[in-house]
Amino acid sequence: SCTENINTDERKKIKQVLDSFGKTVFVDDESFIDMSTSISGSGPAYIFLLMEAMVDAGVHMGFSRETATTLVHHTLLGSTKFAMETGEHPAVLRNSVTSPAGTTASAIYELESGKFRTVIKDAIWACYRRSLEMGGQCSQVGPNRSPMMPMDLPPMSNNSPSHHPVEPPMGE
């Protein structure tokens, strides 16, 4: 996001610098920055947690940690590359590797029974809300929230006993 006083040439130069270490997505409204924080800024932590769980399961099944890690790394890398190359919707890709009554279908059933999608979405909303709070904005957005004015929000305290000051939403 840029202010209006940044001309087209300057935007191109800024984009070139930012593209040198990642993918740049320009947004007209700065409010999208907090949203992107919840997906791509904090997103690596979500993926690393998933990786950790997958590696630990592989070790629990009998693989060495090194082998389990290699399998997980290349599974995620290959899946991501394939999704980017095909441009297909993730549901189409997931369905293409899920046979009726097969091993993947059994695993997907467990993930859905454990509300995997809900937990992921709730985590992203919690991250977004916290980003808004840290910017002094109203964080009462998203599912089961009612907007409040920033002056109605309780004061933020840096003396929180938890390193997770925002509690996850309940009952979503």
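Met 54 sits in helix α3 (helices are DSSP runs of H or I, at least four residues, numbered from the N terminus). Met 54 counts as partly exposed because its relative accessibility is 33%; partly exposed lies between buried, under 20%, and exposed, over 50%, with a 1.4 Å probe and protein chains only. The model is predicted: local features need pLDDT of at least 70, side-chain atom pairs count only at pLDDT 80 or more, and totals for chains, interfaces and linings use all residues. Residues are numbered from 1 along each chain as its sequence is written, and side-chain values use heavy atoms, without hydrogens and water.

Helices α3 (43–61) and α7 (116–134) each supply at least two patch residues.

## The largest pocket

The largest pocket holds about 1,800 Å³ of space. A pocket is an open set of points on a 1 Å grid where a 1.4 Å probe fits, with protein on both sides within 12 Å along at least five of seven lines; lining residues have an atom within 4 Å of a point. The volume is the space filled by probe spheres set on the points.

The lining has 37 residues, and Leu 50 and Phe 116 are among those nearest the centre. Helix α3 gives the most, with nine residues. By class, the lining has 22 nonpolar, eleven polar and four charged residues.

## The second largest pocket

The second largest pocket has a volume of about 570 Å³. It is lined by 20 residues, with Leu 18, Lys 23, Thr 24, Val 25 and Phe 26 closest to its centre. Helix α2 gives the most to this lining, with six residues.

## Salt bridges

Opposite charges can pair when their charged atoms come close. The structure holds four salt bridges (a Lys or Arg side-chain nitrogen within 4 Å of an Asp or Glu carboxyl oxygen). Asp 56 pairs with Arg 65 at 3.0 Å, N to O. Arg 117 pairs with Glu 112 at 2.7 Å, N to O.

Glu 133 bridges to Arg 130, with the closest N and O atoms 3.3 Å apart. These two residues are about one helical turn apart because they stand three residues apart in helix α7.

Definitions and conventions
Nonpolar A, V, L, I, M, F, W, Y, C, P; charged D, E, K, R; others polar.
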